[in-house]
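Please read it alongside the sequence and the model.

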Amino acid sequence: GIKAAGHPEIMEYARDHNICFHMALTSNKLTDVTPNLSDHPLPEFINMGVKVTIGTDDPTQCNTTLNREYELAHNLFGPATANHLRENAAERYLTSI
C-alpha cells in the first residue's frame, strides 16, 4: 500500500474506487520502508483523497500500541490528520458490519 505513493494513477484509482490503505507508522520505520517518519507518505494519500487508517502491524514485535500510533501521527502530521485517521477507521468499521 505505502508504495502507491508517487504513483498518481494508483492513487486516483484507489480514491475513485474507495480503497482504504492501512498503514503502520512504527512498522514502516522499523522495516526501513520510511527510515525517517517525517518523510512518510501518509499525508500524500490524504491530500489525494485516498482513505487511510493506521494500526500497529505487530504490536509485540514493533513494541507499540494503537494509542501510540495515533500519538505518533498527531505529533508528525498534526491533530487534523490524526482526527481524519480516526474518522476513516470508524467509517471503515461501520461499513464492514
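Thr53 is found in strand E2, residues 51-54; helices (H or I, at least four residues) and strands (E, at least two) are DSSP runs, numbered from the N terminus. This is a predicted model, in which local features need pLDDT of at least 70 and side-chain atom pairs count only at pLDDT 80 or more, while totals for chains, interfaces and linings use all residues. Residues are numbered from 1 along each chain as its sequence is written, and side-chain values use heavy atoms, with hydrogens and water left out.

**Surroundings of Thr53**

- Thr53 has a relative accessible area of 9% and is therefore buried (buried means under 20% relative accessible area, exposed over 50%, partly exposed in between, with a 1.4 Å probe and protein chains only).
- Beyond its neighbours within four places in sequence, Thr53 is in contact with Cys20, Phe21, His22, Met23, Leu85, Asn88, Ala89 and Arg92 (contact means heavy atoms within 4.5 Å).

**Aromatic pair**

- The whole structure holds 1 aromatic pair (rings of Phe, Tyr and Trp, the last by its six-membered ring, pair if their centres lie within 6.5 Å; planes under 30 degrees apart count as stacked, over 60 as edge-to-face and the rest as tilted).
- The pair is edge-to-face, because the ring planes of Phe21 and Phe45 stand at 65 degrees, with the centres 5.2 Å apart.
- This pair links distant parts of the chain, 24 residues apart: Phe21 lies in strand E1 (residues 20-23) and Phe45 in helix H3 (residues 42-47).
- Phe21 is buried at 14% relative accessibility, and Phe45 is buried at 0%.

**Cysteines**

- A search of the whole structure gives 0 disulfides (a disulfide is a pair of cysteine sulfur atoms within 2.5 Å).
- Cys20 is in no disulfide, and the nearest cysteine sulfur, that of Cys62, is 19 Å away.
- Cys20 is partly exposed, at 23% relative accessible area, whereas Cys62 is buried, at 11%.

**Salt bridges**

- The whole structure contains 2 salt bridges (a side-chain nitrogen of Lys or Arg within 4 Å of a carboxyl oxygen of Asp or Glu).
- Asp16 forms a salt bridge with Arg15, with 3.2 Å between the closest N and O atoms.
- Asp16 is exposed at 54% relative accessible area, and Arg15 is partly exposed at 36%.
- Lys51 forms a salt bridge with Glu91, with 3.3 Å between the closest N and O atoms.
- Lys51 in strand E2 and Glu91 in helix H6 (residues 79-96) are 40 residues apart, so that pair links distant parts of the chain.
- Lys51 is partly exposed at 22% relative accessible area, as is Glu91 at 31%.
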